[in-house]
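I open this notebook to record what I looked up in one structure. The entries run from the whole chain to single residues.

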Amino acid sequence: EEEQASCTSSSSDPPSAHFIGTKDDVVQAKRVTKLVGGRDVLVLCHLGQLHAMDMRCYHSGGPLQEGDIEEFDGRMCIVCPWHQYKITLAEGEGLYQKVNPSSTPPKPTWHSKGIKQRVHLVTEVNGNVYVTFNDSLDTIDSDFYQTERYRTIMNKA
Ligand code: FES
């Protein structure tokens, strides 16, 4: 469960941070999923950078931990393995392509649906990785897949 970073005062720990694992373990695994504070989170390490977000895709609950990471429109995204929705790692924005039919030739351009996946803050303290929830009160689409109602549906399936 949760651990305090040893050796230093706990005041240096991020407030309400959830322990995920040691940095070495997270970097080596590249992706870690963990239920912390009642929420399933995915922590991943890409190009030396740590990111955290809700584990299940906002579209239909797909397992983002199995998604590829690719750049679209200059933004690093995780691609959901179920229906290939693209989600920016930094903000949780849903990106999609749209073709303007009046342009010749019709050329697809990238657009944002806004923030769809709840992304969380990752911090590193004394070689340990912590996640602090993004506690924005606005409902974000991925929240649904963290609810008791969703878990009950899944357990019955
Ligand atoms: Fe992720 Fe549909 S569940 S794209």
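**Entry 1**

I note that the model is a predicted one. Gln-84 sits in the loop that joins β6 (75-79) to β7 (86-88). I also read its backbone: phi is positive, about 60 degrees, although Gln-84 is not a glycine.

I located Leu-47 in the loop between β3 (39-46) and β4 (49-54). Is Leu-47 buried or exposed? I record it as exposed, because its relative accessible area is 71% and the limit for that class is over 50%.

**Entry 1: a cis peptide bond**

I checked the peptide bond from Thr-104 to Pro-105 and found it cis, with omega near -10 degrees. Pro-105 belongs to the loop between β8 (93-99) and β9 (108-115). I keep these backbone entries together because most residues other than glycine have a negative phi, and most peptide bonds are trans.

**Entry 2: the whole chain**

I counted two helices and eleven strands in the protein. In sequence order they follow the pattern β-α-β-β-β-β-β-β-β-β-β-β-α. Along the principal axes, the C-alpha trace spans about 65 × 40 × 30 Å. Of the 157 residues, 42% are buried. I list 16 positive and 21 negative side chains, with the centres of the two sets 8 Å apart.

**Entry 3: the nonpolar cores**

Which residues touch the most other members of the largest nonpolar core? I find Leu-42, Met-53, Leu-64 and Ile-78, in a core of 13 residues. For Leu-64, leaving out residues up to four places away in sequence, I noted contacts that include Leu-42, Met-53, Ile-78, Cys-80 and Ile-87. Leu-64 also touches Arg-31, Asp-54, Arg-56 and Gln-117, among others.

**Entry 4: Val-131**

I placed Val-131 in strand β11 (residues 128-132). Val-131 counts as buried because its relative accessibility is 0%. Beyond four places in sequence, Val-131 touches Ser-16, Ala-17, His-18, Ile-20, Val-43, Ala-52, His-120 and Leu-121. I also took the C-alpha to C-alpha distance from Val-131 to Met-53: 9.2 Å, for a sequence separation of 78 residues.

**Entry 5: Gln-146**

I found Gln-146 in the loop between β11 and α2 (148-156). Why does Gln-146 count as buried? The reason is its relative accessible area of 8%, since the class requires under 20%. What does the side chain of Gln-146 reach? I recorded the backbone nitrogen of Asp-40, at 2.9 Å. Residues up to four places away in sequence aside, Gln-146 touches Gly-38, Arg-39, Asp-40, Asp-54, Met-55, Arg-56 and Arg-151.

How values were computed. Residues are numbered from 1 along each chain as its sequence is written. This is a predicted model: local features need pLDDT of at least 70, side-chain atom pairs count only at pLDDT 80 or more; totals for chains, interfaces and linings use all residues. Side-chain values use heavy atoms; hydrogens and water are left out. Helices (H or I, at least four residues) and strands (E, at least two) are DSSP runs, numbered from the N terminus. Buried means under 20% relative accessible area, exposed over 50%, partly exposed in between (1.4 Å probe, protein chains only). Contact means heavy atoms within 4.5 Å. A polar contact is a pair of N or O atoms within 3.5 Å; within protein, one must be able to donate a hydrogen and the other to accept it, and residues adjacent in sequence count only if both atoms are side-chain atoms. A nonpolar core is a set of buried Ala, Val, Leu, Ile, Met, Phe, Trp, Tyr and Cys residues joined through side-chain atoms within 4.5 Å. Lys and Arg count as positive and Asp and Glu as negative; His and the chain ends are not counted. The place of a charge is taken as NZ of Lys, CZ of Arg, CG of Asp or CD of Glu.
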